[in-house]
Amino acid sequence: MSEATSVTENPDEVITHARVRVFDMPDGAGRMALITIDNERDHTRPSTFGPAGLASFDAALDEALDQVAAMPDLAAIAVTGKPFIFAVGADLSAIGRVNNRSIVHDFGKLGHDVFRRLGELAVPTFAFVNGAAMGGGTELALHCNYRTMSTGAAAMSLPEVFLGLIPGWGGAWLLPNLIGPANALEVIIANPLQMNKQLKPKDAKRLGIVDELFEPADFLEQSIRWAAGVVTGTVKVDRAEPDRESWDGIVEFARAMLDDKLHGATPAPYRALDLVQAAKTATRSEGFDAEDDALADLVMGEDLRASLYAFDLVQKRAKRPVGVPDKSMARPVTKVGIVGAGLMASQLAALFAKRLQVPVVMTDLDAERVEKGLQWVRDDVAKQVAKGRLTQDKANRLVGLVSGSTDKAAFADADFVIEAVFENLEVKQQVFAEVEAVVKDTCILATNTSSLSVSAMAAGLKHPERVVGFHFFNPVAVMPLLEIARAEQTDDETVATAFVVGKSLKKNCVLVKDAPAFVVNRLLNRYMGEIVRAIDEGTPFDVANTATDSIGFPMRPFALIRLVGPAVAFHVSETLHEAFPDRFYVSDNLRAMVDAGKSSFEVKGVDGSLSIDPEVVALFDQGDAPLTGDEVLERIGDALADEVRRMLDEGVVAEPQDIDLCVILGAGWPFWLGGITPYLDRSGAAERVAGGRFLPRGVASLVS
Amino acid sequence: MGRAAQDVVFVDGVRTPFGRAGSSFAETRADDLVVKVFRELLRRNPQLPPERIDDVAVAATTQMGDQGMTIGRSAALLSGLPHSVPGYSVDRMCAGAMTAVTTLSSAIMAGAYDVALAGGVESMSRHPMGEGMDPNPRFLAERIVDTDALIMGATAENIHDRFPHLTKERADAFALGSQQKTAAAYANGWIQPDLVPIAMRSSALGWGLMTADEGPRPETTLDGLAGLKTPFRPHGRVTAGNSSGLNDGATGALLAAESVADDLGLTKKMRMIGFAFAGVEPEIMGVGPVPSTEKALARAGISIDDIDLFEVNEAFAVQVLAFLDHFGIKDDDARVNPMGGAIAVGHPLASSGIRLMTYLARDFERNPQARYGITTMCIGLGMGGTVIWENVDYAGSK
């Protein structure tokens, strides 16, 4: 048994208790000691392991082994969880407060010492994975000799890399030695980097992580019966020994894929890769020791601190927006109107119909446009039916909810009308005036504008107080952020209603001031503007394009501009230049590129690879003061720090946390940057240009 | 009655081990017990395509909470049966499962159904006898029943009054026999084949597995029984030792038209010959099996002498003795409850009827020379229920 004295004690730990019960297995297979892990809360608080939980498990194993010694027919030890939850990992709540590497190292070692016993006993051990298993919970199951899983279990994963850690309680050694490096890397690295993708029970079986699946109705009974069969020999479990010959090649291939995606921007996935590489020949103890070192290094690194902060923002702040009037002030929305029937408007129609389940009417200039928009919705619904995501009955319901008209009189009984027309102030003002003439005084008028002034759009109306910014990100069905902009005259009821509607649409809503481009697009444009300015000054195109590789934005600048479209990027830069002429840069070269009809800085070769388009290079009149990649990166950091400081000073959002949440959810900026402000603090940009750190030490960074 | 349009056969029966109320199954939902019984029945009879089940009837006395929600239908859905299989719930208190069987069998005999699934469950931990009961004041005001009638133990004392020759000593001896026969049946491996292992949750102790009845006390002695308190009357005769306990458990049975069983290749353990229910004065509800048996025999055109095996529910030893006494059968007749009974294993109210049938099927299997058997039980508010069965393995019928 291990000593727990050197491990940090967390007074807030919700202790997962381990209890042992001994009983007869069926079919004369002898007795089983079953350990149940249960934190005595319901499924809304899944079981995790902190130091006390590990100690409880250790004691339960001792008790089970005492029974083994006392009863010669005690033929198996098994572990199962509480309803719906097996175990979801280590208790990370205290990690943010740990400042001592050896404490982390010891916590890793403690988990190893306790759980490895499951694989080193004289009797066979079984994990009956009755519910969600993640991180250390999955590792507990991997230490057992055999595993069953319920087909009703919500998920299984090793998500540590997603958070900036590695599987630290045996997973990085056990999993590749069980299922081979290729499948192990899918679970340990690829899935976490794909928005923390989880495995379903059938995936766990297919990959060989679990030996058998049973249905939830009698999962435990069937698992025990199966275990009895394993003990008596009537059930055979075939395990293929992983191929060691191809191991190195598989790891190298994975390393190349990782470089391609991350360019070395953050350490955790690379440490995980190194562990899986070493697992080819390392002994069990060597593998576990290496995990302890990697875990300690990562926890004592800035990337992990920023990731925990980001994770916390997405889990908590995203669900409880700050500064919002109470939902009791919200008005009911039983019919929605959408002005426009283009691609954005069609996406909105589909979203509103699906989530609010109320009638949605689209209008546009002519019947042909309206029909095109309705057809988009029908096609979108049909695709979902084809993928098995919607039944035909539900599809009929959705299609029935969405209608179209060329006459705005169709909005007469609407409670919420959103416009998604051409990005031009006069056009939008005209649209709102026409809509106001038809709708009731309390109907919300929302605009999806990304950079124009909501207050200006409301100014000429009889009831400007019901106008609100309601800015989605593309693609509407996927991107979780919704910037809700309160204009000068917007009243509390309108803001409250907007947030209730946003939540019903399953978006994460952030309250922003009606400032140009709100949060995400303002920062993205400042960033892209600096890239283009650097090129204009003479920086080689590929130097500018790769300058931010080391911090790991989700895509390089040229990919971002290709996604947004240079015309849109240019148009927004003009709007922002008008608002902030000293900082937002309008590039004549970019204008030339747009005028020439170029949609990207890059061209695709026959082999699918991208290279800088020589025609674009020819269009650019570059200066002769090139910057290096590092200089470009510093300039971007400073620009972003400057812009964030101004946004906070202007009150665009309440706190740096809101900035970070917006760029995480709206631009996909990575967890290891903490969104952006933790990175700006750690790189020194905040101190250099913004008058000091955005966040106090320790909030999203190491304390010292 | 004679032979009906379709003969009904008892294809298979299983049960959970029975727990003591407040103990093993205290934290287990009653509908989950039914679900596990049904899934095991289907696993044991893989030749039956589940969509062939025409209806599902599950009995429970207190139809609230985990025993409510039209448990026949809800348990069918939870068991994974296809949506196309309907279900309903039944209540005739202690004879719930028996009534589920007779009701479904009636539909089979009438030719409306081919295959049916019957069940019974009671969690007396979660639904004590009389939960939610609201007796009409007229019962007492017009003396329709005595106050005794609603207390089962008091009705048992009343039977001792009515038949003074049925003494406490005889009741205790019978109870001892039930315990000993149950222990022997376990030792011989007669009971285990029809038990479904059930996971049991305890927040305090963690998950465990039940593979045997919790109730039996094989160490019972006559002296021990003699010293027990008589809770229903001072210096009375009825004790916890010569009555069945308060228990949790579920039973399930598969029934089919005989020709369909043959077509599908299902086993046929016994054939239904007839059934009857009858009422008696509620104050002596224990004698209910007498008129129900008389009635069933008469309709079937056979006599008590034709009956080779008896499974009589042992709510109280004295009530079994009253039945045997009426028909001139000795207390320790070998044909009566050869595997022991409810005094040892328990009586989760609505479930017991199918337990009797499952036991009788095994009695028939061990005794191919036996032709007819009956399952019979007394029922609260003064009733009795009896089903007459024929041994399909009867050597003489070949």
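Analyst: Begin with charge. Lys and Arg count as positive, Asp and Glu as negative, while His and the chain ends are left out. On that count, chain B carries 35 positive and 47 negative side chains. The centres of the two sets lie 2 Å apart. Keep in mind that this is a predicted model.

User: Why is helix 5 of chain B described as largely enclosed?
Analyst: Buried means under 20% relative accessible area. Nine of the eleven residues of this helix, residues 152-162, are buried, so the rest of the structure largely encloses it. Among them are M152(B), E157(B), N158(B) and H160(B). The cover includes helix 6 (168-187) and helix 10 (317-326) of chain B.

User: Take a loop residue as well. Is V196(B) buried or exposed?
Analyst: V196(B) counts as buried, at 4% relative accessibility. Its loop runs between helix 6 and strand 6 (198-200) of chain B. Leave out residues up to four places away in sequence. V196(B) then touches V14(B), R15(B), T16(B), P17(B), K36(B), E40(B) and M210(B). For a distance in space, take D54(B): it is 142 residues from V196(B) in sequence and 24 Å away, C-alpha to C-alpha.

User: Now chain A. What is S223(A) in contact with, beyond its neighbours within four places in sequence?
Analyst: S223(A) contacts F128(A), T148(A) and F214(A). The residue is found in helix 8 (residues 219-232) of chain A.

User: How should I read aromatic pairs?
Analyst: Two numbers describe a pair of aromatic rings: the distance of the centres and the angle of the planes. Over all chains, the structure holds 29 aromatic pairs. Take F107(A) and W169(A): their ring centres are 5.4 Å apart and their planes at 70°, so this pair is edge-to-face. F107(A) sits in helix 2 (residues 101-115) of chain A, and W169(A) in the loop between helix 4 (160-163) and helix 5 (171-179) of that chain. The pair links distant parts of the chain, 62 residues apart. F107(A) is buried at 11% relative accessible area, and W169(A) is buried at 3%.

User: Which geometry do F162(A) and F671(A) show?
Analyst: That pair is tilted, with 4.9 Å centre to centre and 50° between the planes. F162(A) lies in helix 4 of chain A and F671(A) in the loop between helix 26 (656-667) and helix 27 (677-683), so the pair ties together parts 509 residues apart in sequence. F671(A) counts as buried, at 11% relative accessibility.

User: Last, the backbone. What should I look for?
Analyst: Most residues other than glycine have a negative phi, and most peptide bonds are trans. Look for departures from that. The peptide bond from N474(A) to P475(A) is cis, with omega near -10°. P475(A) is found in the loop between strand 15 (467-471) and strand 16 (481-486) of chain A.

User: Where do F84(A) and H235(B) lie?
Analyst: F84(A) lies in the loop between strand 3 (74-80) and strand 4 (85-87) of chain A. Its phi is positive, about 75°, although it is not a glycine. F84(A) counts as exposed, at 60% relative accessibility. H235(B) lies in the loop between helix 7 (222-226) and strand 8 (247-257) of chain B. Phi of H235(B) is positive too, near 50°. H235(B) is exposed, with a relative accessible area of 81%.

Technical notes: Residues numbered from 1 in each chain as written. Chains lettered and ligands numbered in written order. Predicted model: local features only at pLDDT ≥ 70, side-chain atom pairs only at ≥ 80, totals over all residues. Heavy atoms only, no water. Charge placed at Lys NZ, Arg CZ, Asp CG, Glu CD. Phe/Tyr/Trp six-rings, centres within 6.5 Å; stacked < 30°, edge-to-face > 60°. Helix = DSSP H or I, 4+ residues; strand = E, 2+ residues; numbered from the N terminus. Buried < 20%, exposed > 50% of the residue type's maximum accessible area, 1.4 Å probe, protein only. Contact = heavy atoms within 4.5 Å.
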